[in-house]
Amino acid sequence: MLNKSNKTDVIVVGAGPAGIACAITLARAGKEVVLIERGLFAGSKNVFGGAIYTKPTKEIFPNFEQEAPLERRNITHNFMILGEEDSTSIAYRKEGNESYSVIRGKFDRWMAQKAKEAGVILVEQTVVRELIKNGTKVVGVKTELEDYFADIIVLADGINSLLAKQIKLRKEIEPKDVALSVKEVIKLDKDIINQRFNIKDDEGVIGEIFGGSMLGILGLGFLYTNKDSVTIGLGVTLDDLVENNYRPFEVLEKLKQHPTIAPLIEGGTLKEYSAHLIPEGGYKKVPKLCDDGVMIVGDAAMLVNNLHWEGTNLAMMSGKLAAQTAIEAFEKGNFSRKTLKNYEKKLQKSFIMKDLKTYRKLMPIAHERKKAFMGYYLKKINSFFEMFTSVDGTPKKENYRKFIKSIFTDRKFGELCKDVWALIRLVWSILI
Amino acid sequence: MNLDQKLYTVKYTPDEESHLNPDQSKCKNCVSRNCTYICPAGVYEWNEEKQELIINFENCLECGACRIACEHKCIDWKYPKGTKGVTFKQG
C-alpha cells in the first residue's frame with residue numbers, strides 16, 4: 001500500500017493499547033498509518049495484571065463490550081492485607097461494569113484487527129532496531145528488513161523503549177523506578193471459580209494483595225478471575241529484589257502458599273507463566289514526551305498510576321492524545337517539537353498527568369518508609385484483629401492496653417514520629 | 001512448583017544466536033551478579049569453573065530486568081528477531 005519510497009503519514013511502533021489507540025484514531029481521521037509490532041501477533045509480547053477499564057476503552061472502541069473477547073466483568077475489589085500466616089480483607093462489591101478482566105493475547109489481537117479494519121497497515125513480526133534522523137528530526141525507522149519513513153513517528157514500544165533511549169528522550173531507567181512483575185494464569189473450572197469467589201458466570205473479582213511474601217518490601221500482589229482461569233501475580237520494585245537477593249518466582253511461589261491465597265487456586269493447573277516490567281517512577285520520571293517528528297505514549301512514557309492499578313487506560317488515552325496532536329500537526333503542515341508540544345499540554349490537562357502529579361510523593365515516601373508501611377503496620381493490622389477476635393478469657397481492656405503499648409515497645413519513638421510525619425506529608429501532597 | 005515447570009508452560013521460538021550479550025570481562029569481577037537471581041526465567045548462571053556467565057537466552061521472557069539491574073550496565077540487550085523469542089498467549 002505504501003509508495004516506493006516507503007513513506008507514510010505516521011508510523012506507530014508497538015501494537016499495545018497505546019499504539020493501537022493512537023493508530024486507529026489517526027486512521028479514522030483519514031491518515032495513512034503503519035503500525036509495527038515485533039511479536040508474532042499483537043498482544044503476544046504483552047503482559048499485564050488483568051483489567052481494562054470500560055470508560056476509556058469505550059472512547060476508542062464504542063462497542064467493545066459487545067464485540068471484544070472479554071473474560072469477566074469485575075464487580076468486587078478485594079483488598080487483602082496479609083500477615084505471615086493471617087490476613088485481613090476488605091471487599092467492595094457493586095454491580096456495574098467499571099472494568100473487565102481480559103487476556104492480552106486475545107484482546108490486543110482483537111484491537112489490532114479493529115485497527116486494520118479502520119485502515120491501519122499492521123506490520124507484525126518486525127522489530128524496529130533504530131530511528132532514522134535527518135538533522136534534529138526523526139524521519140523514519142530502521143527494521144530488520146526495510147526502512148520506513150513518515151512525517152511523525154509515535155513510540156509505543158513499551159517500558160523498555162530502547163528507541164526513546166536512542167534519541168535521548170529517556171534516561172537509563174533506575175532499578176527503583178520499575179517493578180518486576182511475575183504472574184501465573186491458573187486453569188480452574190468455571191463453576192469452582194464462581195463458588196470460590198461468590199460470583200456468577202460473567203462476574204469477576206479483583207484481588208489487591210498487600211504483604212504476605214512481600215512484607216517489608218515495595219511489592220503488591222494481584223489476583224484476577226478470568227472465564228476459566230485465575231491470574232495470580234505480583235510486582236516488586238527491582239531495587240528491592242536486588243537488595244534482598246530475591247528470586248521473583250520464589251516470592252510468588254511463597255505468596256501462592258499463603259493460607260489465604262492457597263485455597264483460592266487449589267487444584268488448578270498452570271496455563272502460563274509470564275513476566276514483565278512495570279513503570280513505577282511516577283510523575284518525576286515521565287520522560288521528555290516529544291521532539292522533532294516524534295512523540296512517546298503509554299509505558300514507553302512511563303505513564304502508570306501504580307496505586308490504582310491503572311496502566312492500560314493511561315496508555316489508550318495518551319495514544320489518543322498523541323493522535324489528536326498529530327492530526328493538528330498535519331493541518332498546520334508542521335511536525336516540529338514546538339507543534340508536538342501540544343501533546344504534552346494535552347496530557348497535562350488530562351487525568352493522566354493530574355493523577356501522576358497527585359501521587360508525585362507516593363513512591364519517594366514509600367521507598368523511605370517501606371519497612372514500616374509495607375511491613376510492620378500490615379502485620380499490626382492483622383494483630384489488631386487477632387486481638388479483637390480472640391476469646392481467651394483475658395479482659396478486653398487489658399487486650400486493648402497491651403496492643404497500644406506494643407506499638408510503642410515495637411518501634412522507637414523516633415521511628416513512630418517519622419511514620420506519622422511521612423503520612424502527613426503524603427496526605428498533604430495528595431490533597432493540596 | 002519449580003522454575004523449569006513454570007517455563008515449560010511458555011511458548012518459545014528460539015533464535016540460534018543470543019540477543020543477550022553481557023560484557024563477560026566485567027562479569028568476571030562483578031560482586032553482586034544481580035542477573036543470576038533477579039531474572040524471572042533464570043537465564044543467567046555463573047559457571048565457577050569457566051569463570052563466565054552461562055546465558056540460557058532461549059528461556060528469556062524479554063522483560064528487560066537484567067539490563068536495568070546489572071551493576072555494570074554491561075548487558076547488550078536487544079529484542080530477539082521479529083519471528084523469534086517468547087509468545088505469550090495468556091498475558
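Author: What follows takes some of the labels and sets each against its criterion.

Reader: How do you know how far to trust chain B and the model as a whole?

Author: The model is predicted. Chain B averages a pLDDT of 96, and 100% of the residues score at least 70. The model scores are ipTM 0.97 and pTM 0.96.

Reader: What makes S4(A) and strand S12 of chain A a pair?

Author: Pairing needs at least two bridges. S4(A) and strand S12 (residues 203-211) of chain A have 9 bridges in the parallel sense, so the two strands pair. One of the bridges links A:Leu82 to A:Gly211 in S12(A).

Reader: What makes strand S4 and strand S6 of chain A a pair?

Author: Strand S4 (residues 72-82) of chain A is joined to strand S6 (residues 99-101) of chain A by 2 bridges, and the strands run antiparallel. At least two are required, so this pair qualifies. A:Arg73 has A:Tyr100 as its bridge partner in S6(A).

Reader: Which residue is the bridge partner of A:Leu82 in S5(A)?

Author: That partner is A:Ser87. S4(A) and strand S5 (residues 87-93) of chain A pair in the antiparallel sense over 7 bridges, and the hairpin between S4(A) and S5(A) passes through 4 residues.

Reader: How many residues lie between the strands in the hairpin of S8(A) and S9(A)?

Author: There are 2 residues between the strands, and A:Gly135 takes a positive phi near 70° in this hairpin. Strand S8 (residues 128-134) and strand S9 (residues 137-143) of chain A pair over 6 bridges in the antiparallel sense; A:Lys133 has A:Val138 as bridge partner in S9(A).

Reader: Why is A:Leu180 said to touch chain B?

Author: Contact requires C-beta atoms within 7 Å. Among the residues that A:Leu180 touches are B:Ile38, B:Pro40, B:Cys63 and B:Ala65, so their C-beta atoms lie within 7 Å of that of A:Leu180. Within chain A, its contacts include A:Gly235, A:Pro248 and A:Leu277.

Reader: How many residues does each chain give to the contact?

Author: Chain B gives 28 residues and chain A gives 40 residues. On the side of chain B, helix H1 (3-7), helix H3 (35-38), helix H4 (65-69) and strand S6 (85-87) give two or more residues each. The residues on that side divide into 16 nonpolar, 8 polar and 4 charged.

Key
Residues are numbered from 1 along each chain as its sequence is written. Chains are lettered from A and ligands numbered from 1 in the order in which they are written. This is a predicted model: local features need pLDDT of at least 70, side-chain atom pairs count only at pLDDT 80 or more; totals for chains, interfaces and linings use all residues. Two residues are in contact if their C-beta atoms, placed from the backbone, lie within 7 Å. pLDDT is the predictor's confidence in each residue, from 0 to 100. Ala, Val, Leu, Ile, Met, Phe, Trp, Tyr, Cys and Pro count as nonpolar, Asp, Glu, Lys and Arg as charged, and the others, Gly among them, as polar. Lists of a residue's contacts leave out its neighbours within four places in sequence.
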